[in-house]
Amino acid sequence: MGLVFNENTMRNSAGYSLLEVMIVVSILLLLSAFSIPTINNWVADNKFRSALLAVTELAKAGRLQAISTSSETHLIVNGKDEECVAISTSSSCSCSLSSKPSLLLLSKNQCSTNDEVRTVQLTNEHIDVTTSSGDNKVVTFNKSGTLNFSSSTTIILRDKQRTGRIIISSLGRARSCATPYLSGVSKCV
């Protein structure tokens, strides 16, 4: 029993026809057309989630700073044009972008705690930040880590498709939620 080679069989299996290649390419194009919007949404969700969690962590850091230094610490929310959130020992701090997007300009009222600048800049991410009242706001954590005047506050982050909230209770505890649901963040109800 030996191997028998047939010339016709070899000629037919030598490669793919133009029709077969065109079918495979068109299937690949269809698959990529369906997957690109999904990938873009995934990237946008991750950017928004990162910004929401960064602002939440900044609020928590402000509370911890107030407790550890036994002095007031301020969480400054600058929306409208600056789109940034900062913590500082000065209640009149303001942060904004310079002409170079990588540089953060600080006003003459330095945004710092223990000479460390702590800000979250949202302008480059195309995320708007505001408070529930719609104005810029200074949230003050007293030396016990609670809010002065024992009132809670809400910081709202928005982009074209998503809304996130950071709720700071009168006890100074910060939690976040988002609409629509983002993995890793609870859904706002």
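Me: Which residue in S2 is the bridge partner of Val-77?
Reply: This is a predicted model, where local features need pLDDT of at least 70, side-chain atom pairs count only at pLDDT 80 or more, and totals for chains, interfaces and linings use all residues. Residues are numbered from 1 along each chain as its sequence is written, and side-chain values use heavy atoms, with hydrogens and water left out. Strands here are DSSP runs of E, at least two residues long, while helices are runs of H or I with at least four, numbered from the N terminus. Strand S1 (residues 73–78) and strand S2 (residues 84–88) pair in the antiparallel sense over 5 bridges, and the partner of Val-77 in S2 is Val-85.

Me: In what order do the 4 strands of the open sheet come?
Reply: Two strands count as paired if DSSP finds at least two bridges between them. The pairing in this open sheet is antiparallel, and the order is S5-S2-S1-S7. Each edge strand pairs on one side only, and those edges are strand S5 (118–121) and strand S7 (137–141).

Me: Is Ile-27 buried, partly exposed or exposed?
Reply: Ile-27 sits in helix H2 (residues 18–69). Buried means under 20% relative accessible area, exposed means over 50%, and partly exposed is in between (1.4 Å probe, protein chains only). Ile-27 has 45% relative accessibility, so the label is partly exposed.

Me: What share of the 189 residues in the chain is buried?
Reply: The chain comes to 2 helices and 11 strands. Going by that under 20% cut-off, the buried share of its 189 residues is 34%.
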